[in-house]
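Hi,

Here is the structure I promised to pass on.

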Amino acid sequence: MVVDDHPMWRDAVARDLAEAGFDVVATAGDGEQAVRRARAAAPDVLVLDLNLPAKPGVQVCKELVGARPALRVLVLSASGEHADVLEAVKSGATGYLVKSASTEELIDAVRRTAAGDPVFTPGLAGLVLGEYRRLAAEPTPAPDAGDTGRAPRLTERETEVLRLVAKGLSYKQIAERLVISHRTVQNHVQNTLGKLQLHNRVELVRYAIERGLDGS
């Protein structure tokens with residue numbers, strides 16, 4: 001599903017995705033319409049602009065992902081501001097692409113988003129990577145007195161693998177880059193998810209950014 005308040009842009013994106021083989025089940029031009037139509041059409045991937053009339057994109061994202069956590073949201077925005085990226089991911093977005101991206105980049109981003117990969121415009125990847133570095137070393141505040149209050153320690157290799165995951169590399173590409181086996185890469189990611197009690201790579205990216213936002 002494609003959501004954007006500019007009809008020509010919205011139609012062009014929908015057409016490009018349809019021609020690439022995606023089934024575009026719905027489109028919408030404002031936030032309230034987006035929520036109604038997404039609930040009815042139940043898309044797997046939502047390509048969402050942030051600057052929408054009636055209801056802002058981050059609120060649309062928060063409501064829809066809150067109701068259906070399996071929904072994957074790729075923000076497609078004119079803004080590359082870090083604050084907008086962080087707010088979008090905190091609201092539940094899977095990835096963030098700026099509108100200067102080419103049609104080929106958009107199609108690839110939607111395909112990867114559908115597969116569950118966190119996708120970010122290259123210039124914004126450092127924002128996520130910085131949070132991984134924090135995650136590897138910083139304590140987590142205890143929610144109550146009975147909690148140990150410390151974040152699980154990630155090994156140097158786990159942190160290295162996570163940095164490459166955040167850049168959008170596949171397990172195969174990471175294995176080739178680090179000269180280790182595909183299965184070893186999978187094991188490192190699974191071990192890290194287990195330590196952090198998370199379910200997938202998207203949650204891992206979101207968790208890291210949320211910690212940074214919370215100032216912990």
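This is a predicted model: local features need pLDDT of at least 70, side-chain atom pairs count only at pLDDT 80 or more; totals for chains, interfaces and linings use all residues.

To get you oriented: where is the place of Val179? Val179 sits in the loop between helix H8 (171-178) and helix H9 (182-196). I'll come back to that residue below.

Residues are numbered from 1 along each chain as its sequence is written, and side-chain values use heavy atoms, with hydrogens and water left out.

**The overall picture**

The protein has 10 helices and five strands; these are DSSP runs numbered from the N terminus, with helices being H or I of at least four residues and strands E of at least two. Of its 216 residues, 48% are buried. Here buried means under 20% relative accessible area, exposed means over 50%, and partly exposed is in between (1.4 Å probe, protein chains only). The accessible surface comes to about 10700 Å², and 49% of it belongs to carbon and sulfur atoms; the areas come from the Shrake-Rupley method with a 1.4 Å probe, and for residues only the protein chains shown count as cover. Among contacts (heavy atoms within 4.5 Å) between residues at least 6 apart in sequence, 61% join residues at least 24 apart.

**The sheet**

The five strands form an open sheet in the order S2-S1-S3-S4-S5, with parallel pairing. S2 (27-28) and S5 are at the edges with a single partner strand each, so one side of each has no neighbour in the sheet. Two strands count as paired if DSSP finds at least two bridges between them.

Going across the sheet:

- S1 and S3 run parallel and are joined by two bridges, with Val2 opposite Val47 in S3.
- S3 and S4 also run parallel, joined by four bridges, and Leu48 stands opposite Val75 in S4.
- S4 (residues 72-77) and S5 pair in the parallel sense over four bridges; Ser77 has Val98 in S5 as its bridge partner.

S3 is covered on both faces: Val45 and Val47 on one side, and Leu46 and Leu48 on the other, are all buried. S4 has five of its six residues buried, so it is largely enclosed by the rest of the structure. In S5 (residues 95-98), Gly95 and Leu97 point one way and Tyr96 and Val98 the other, and all are buried.

**The cavity**

There is one cavity of 30 Å³ or more, and the space in the largest cavity is about 30 Å³. On a 1 Å grid over the protein atoms alone, a cavity is a set of points where a 1.4 Å probe fits but cannot get out, and lining residues have an atom within 4 Å of a point. Grid points are joined across faces, edges and corners, and the volume is the space filled by probe spheres set on the points.

The lining is made of Val2, Val3, Asp4, Trp9, Val13, Val47, Leu48, Asp49 and Leu76. Strand S1 (2-3), helix H1 (7-19) and strand S3 (45-48) are the elements that give two or more residues to it. Those lining residues divide into seven nonpolar, no polar and two charged. In this scheme Ala, Val, Leu, Ile, Met, Phe, Trp, Tyr, Cys and Pro are nonpolar, Asp, Glu, Lys and Arg are charged, and the others, Gly among them, are polar.

Asp49 is in the loop between S3 and helix H3 (57-67), and is buried at a relative accessible area of 5%. Beyond its neighbours within four places in sequence, Asp49 is in contact with Val3, Asp4, Asp5, Gly57, Leu76, Ser77 and Lys99.

Most residues other than glycine have a negative phi. Val179 has a positive phi, near 55°, and counts as exposed at 74% relative accessibility. Ala42, in the loop between helix H2 (31-41) and S3, also has a positive phi, near 50°. Ala42 counts as partly exposed, at 41% relative accessibility.

Cheers

Definitions and conventions
On a 1 Å grid over the protein atoms alone, a cavity is a set of points where a 1.4 Å probe fits but cannot get out, and a pocket is an open set with protein on both sides within 12 Å along at least five of seven lines; lining residues have an atom within 4 Å of a point.
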